[in-house]
Amino acid sequence: MRNHIKEHAMDTLQGNMFNLSLAELKEMAKKLRRHVITMIATAGSGHPGGSLSAADIITALYFKVMCHNPENPLWLDRDRFILSKGHAAPILYAALAESGYFPLEELATLRKLDSRLQGHTDRNLTPGVEMSAGSLGMGLSFGIGVALAARLDCRDYRTYVLLGDGECDEGETWEAALSAAHFKVDNLTAIVDCNKIQLSGWTQDIMNLEPLSQKWQAFGWHTIDIDGHDFNQILAAFQEAEKIKNKPTVIIARTIKGKGVSFMENNPKFHGKAPTSEEAARALKELE
Amino acid sequence: MSLRAQRSNLIVEASTREAYGKTLVELGKENKGIIVLDADLSPSTMTHFFAREFPERFFDCGLEEQNMIGIAAGLAASGKTVFASTFAIFASCRCFDQLRICLSQTGLNVKVVATHGGITVGEDGTSHQAIEDLALYCSLPGFTIVVPADAIEAAEAVKVAAATYGPFYIRLSRPKTPLIYSEDYHFTLGKAVTMRQGKDATIIAIGIMVAKSLEAADILAKQGIECRVINMHTLKPLDEKAVANAALETGAIVVAEEHLAQGGLGSRVAQVVAREKPVPMEFVNLGDSYALSGKADELLERYGLTAKDIESAVKSVVKRK
């Protein structure tokens, strides 16, 4: 399927079956944010802040960039999206449901007993989820394995790994950063959702990460700094990443935690707290 | 001359880790989907044989055990059969959360084959002696755990692991160990091997303690005590029927393992005995403390893991029948 599409495509971005326009992407991101608010409010627990900050990046991947097929989640040539910051599961579930991996109604079962939508991702339960996550720092390693398999099998799929900035505290992230450069996995693109906030406060106060781009560069990566809410910049970064050979690329996406809901934006309180029904109603109104 | 020295002149010894390394090469020839990872220890774990033969399918992850397990999971999720090797202490303690999230919870097809298990690592001392690894792996749902008793069984176990989907932990040793099987030995996963019959007590042993149990049974037989000896090579899933039958038919059980008292073979056998047929039990293991540097044989003697220790345990358990 991918090859068929590619033959007729000007570039790989057109391999996406939705191929939304800029205006449509913005609408879709808003829709996914609304799902996130409703899901977490219904569940009564969850992590809204990091889902909202990643909404535009994930929208771009599922509805413009990645070559994937919701009717065949295990299609061998699919591009892979690996959510390393597993607590942002709601935004991934929203993107998967809107793509058609499972019914939209199922989003209301988030975190409930017997739901396929676990509090943190489970690859054995949810169609379209590539990796089980939740303990931070593991996704990039997993992504390297997936990317090496593509190289060994001469397949041209790409692997995308989304990390949080707080997650970069974890030592394994830097083990993986060293080895991705060492193994020259240029078919892998990492994205750091730099929303500047982790569970108990601002990253610069909890454990300073800056200068973050320079750290990745020093580890041998090509880095692209963008505004993680600007679709033009997001799409351009993914295109640039595909052209970089012999080294992995990381997109340092500067984002706003809680983006799209005024009282959640830049508010550490909403890292891991569900909105009340009144707050959810206000949030949904802002996202209309 | 001690009994041990006399015997070692007669016994053929072989290395379980060398058997592993050579078996990997055989498997690699048959199956192009086999990928091998190591963490800067390939000359010791013997994965260097595979690396030499199939460099494109070997990845040295450096001293990054956590990362190695994650990469292994990613390769397995993409259809590969992955072997990941390092020393037993690092393969258990250094990457436990990765084993839990990436392998146990997913059930992915990764075989962690660890060498240098137990105190027979010797001179490197406490930091390098994996004596809690079996307890840690036993606590991970979905893992199959095998501790081969000799080099022939090690080779067979590795072949079976490659052919069986799901996460495995195989613990091997640093020193050469006595061969107790011949080349025609057939290994069946999860099926204990009765090495010797006897009516007075059963010794259930794993790994290097199997050969020592056979030695102890020989000595005991001369004193009129007949022991059944069971090689419980598969720690998980445990052959519960073999345990229950031993309790029922011999009325006393000794468990011998190169591991701490808690969480390993002794704990698992005791659970089955308690449920199926409570009988007197004794345990030959490392108790609840670390060992020191020394030669492997010196350590086995100092910390109570010899044939003589098994012999005493059997005598004591038989008295309690």
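Reply: In this predicted model, the centres of domain 1 and domain 2 of chain B, taken over C-alpha atoms, are separated by 25 Å. Domain 1 of chain B covers residues 10-178, while domain 2 of chain B covers residues 193-319. Where these two domains of chain B touch, 28 residues of domain 1 are in contact with 28 residues of domain 2. On the domain 1 side, the elements of chain B that give two or more residues are helix H8 (133-138), strand E6 (144-146), helix H9 (151-163) and strand E8 (177-178). Sorted by class, that side of domain 1 of chain B holds 14 nonpolar, nine polar and five charged residues.

Chain A brings 20 residues to the contact with chain B, and chain B brings 22 residues. On the side of chain A, helix H5 (139-152) and helix H6 (171-182) are the elements that give two or more residues, and the largest share, eight residues, comes from H5(A). This side of chain A has eight nonpolar, eight polar and four charged residues.

For a look inside chain A, turn to H2(A), whose buried residues include A:Leu32, A:Val36 and A:Ile40. Among the elements that cover the buried residues of H2(A) are helix H3 (48-65), helix H4 (89-99) and helix H10 (277-286) of chain A. After H2(A) comes A:Gly44, which has a positive phi, near 85°.

Methods. Residues numbered from 1 in each chain as written. Chains lettered and ligands numbered in written order. Predicted model: local features only at pLDDT ≥ 70, side-chain atom pairs only at ≥ 80, totals over all residues. Buried ≥ 20, exposed ≤ 12 C-beta atoms within 10 Å, placed from the backbone. Helix = DSSP H or I, 4+ residues; strand = E, 2+ residues; numbered from the N terminus. Contact = placed C-beta atoms within 7 Å. Nonpolar A, V, L, I, M, F, W, Y, C, P; charged D, E, K, R; others polar. Domains from an automatic or database assignment.
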